[in-house]
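Good morning, and thank you for coming.

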Amino acid sequence: MSNVQERAATGHEFLERSLEEVDGQIAGAIRLETERQNTTLELIASENHVSRAVLTAMGSVFTNKYAEGYPGKRYYGGCGPTDIVETIAIERAMKLFGAEHANVQPHSGSQANMAVYFSVLKPGDTIMGMDLAHGGHLTHGHPLSYSGRDFKVVAYHVRKNDETIDYDEMEQLALEHKPRLIICGASAYSRVIDFKRIRDIADRAGSLMMADIAHIAGLVVTGNHPSPVPYADFVTTTTHKTLRGPRAGLVLCKAQYAKDLDRALFPGIQGGPLVHIIAAKAVAFQEAATPEFREYQGQVVRNARALAAAMGEAGFRIISGGTDNHLFMADVFVKGTTGKDAQNFLEAANITVNKNTIPFDTQKPMVASGIRIGTPAVTTRGLREPEMKSIAQFIARVLDSKGDGSVIAAVRKEVMALCARFPIYE
Ligand SMILES: *Cc1c(COP(=O)(O)O)cnc(C)c1O
């Protein structure tokens, strides 16, 4: 009897079967998604296309490993290779961002933020964050999020006239409410954030400062946006947006908070770390430290500027008049379309965006007057300024036609031709 037969029905027979063999439905869906990404212009600002190296690390045998604790201090045996991975990830994160301490275990950006709150806040404390409707994030104190449940929340806004952060209001609110923590960073804000000014405000109000750079982390590590690391007590980020790593989170902090933060993350809010994902984070940090990645991020910003300018020329109103980073919001209501319809019309033409409220929006959040557009993913596949002009034309044709079927079909064909010139995941 062969070894394989002897070991049948022990569970072993599953080990080497291909996904195709085991589960045709999921294998089919993965093929569909690969095809969708290959034939779609991905303009969702929080998305990107990761490298094969990152995918390989994510799909590795480290998914089998339990490793509660931290390198050298684990609750489980067999953590030798795991400690190598996590130690490398921590060292690379600290070096990449110039930070005094890094925790690479958060499963997501939301978990990263929760770890910070659990390490320095008590229920009933006051926190201050940017209003979600003005570009902030759910986890910055929105009532539907954990962050809005146990804390008193004060929100700051953008100014009506130029749609940029109202630092004067932030200062006034901080001095009035003395929040324990001031949160800055955004999901839908296209201008440079003045971290030094926010540090000054936090100092005057006796507050701690957290910068959530989930969106702009890739820009920060390549010098395309000022870094909050010298100023903020805590810096949180996702690793899957401009940073182009696996879907996960990261917290950086000053050395004095390291112990409390690590304890708040584990055992405070998470169990075993996702070692395969931490391995992929390490790979992404390695890629992010290269000159090529610096060049990539520069192109992301130049593409965003070019696309915003071309959409402005096509008659859309660009929120705050333009962009300094990888994204911008376009008011589509000026052309008589809601954000919701715009998203659907564009999706039918193989252009993916998300509807987004604009500051002082008159529409409900699920309808919205705007769309958010970002260039990280299309830049990864190799597109530059000339293609940005074409994309602006595609978007304008679809939305000006109010979703006319023949216009969508014509644009879709051109989008697919463009995508075919810049293939991914062949
Ligand atoms: C995306 C984002 C997050 C949350 O990240 P998840 O991984 O989806 O939990 C947190 N903060 C900001 C500012 C974000 O843009």
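Predicted model: local features only at pLDDT ≥ 70, side-chain atom pairs only at ≥ 80, totals over all residues.

Residues are numbered from 1 along each chain as its sequence is written, and side-chain values use heavy atoms, leaving out hydrogens and water.

The chain contains 16 helices and 15 strands; these are DSSP runs, with helices being H or I of at least four residues and strands E of at least two. Its radius of gyration, taken over C-alpha atoms, is 23 Å, close to the 22 Å from the globule rule for 426 residues, so the chain is as compact as a globular protein of that length. That rule is 2.2 Å times the number of residues to the power 0.38. The C-alpha trace spans about 70 × 55 × 40 Å along its principal axes.

How much of the chain is buried? Of the 426 residues, 56% are buried, meaning under 20% relative accessible area with a 1.4 Å probe, protein chains only. The accessible surface, from the Shrake-Rupley method with a 1.4 Å probe, is about 18600 Å², and carbon and sulfur atoms hold 54% of that surface.

Finally, how many disulfides are found? The search of the whole structure gives zero, a disulfide being a pair of cysteine sulfur atoms within 2.5 Å. Cysteine 79 is buried at 7% relative accessible area, and cysteine 419 is buried at 2%.

Note on methods:
Buried < 20%, exposed > 50% of the residue type's maximum accessible area, 1.4 Å probe, protein only.
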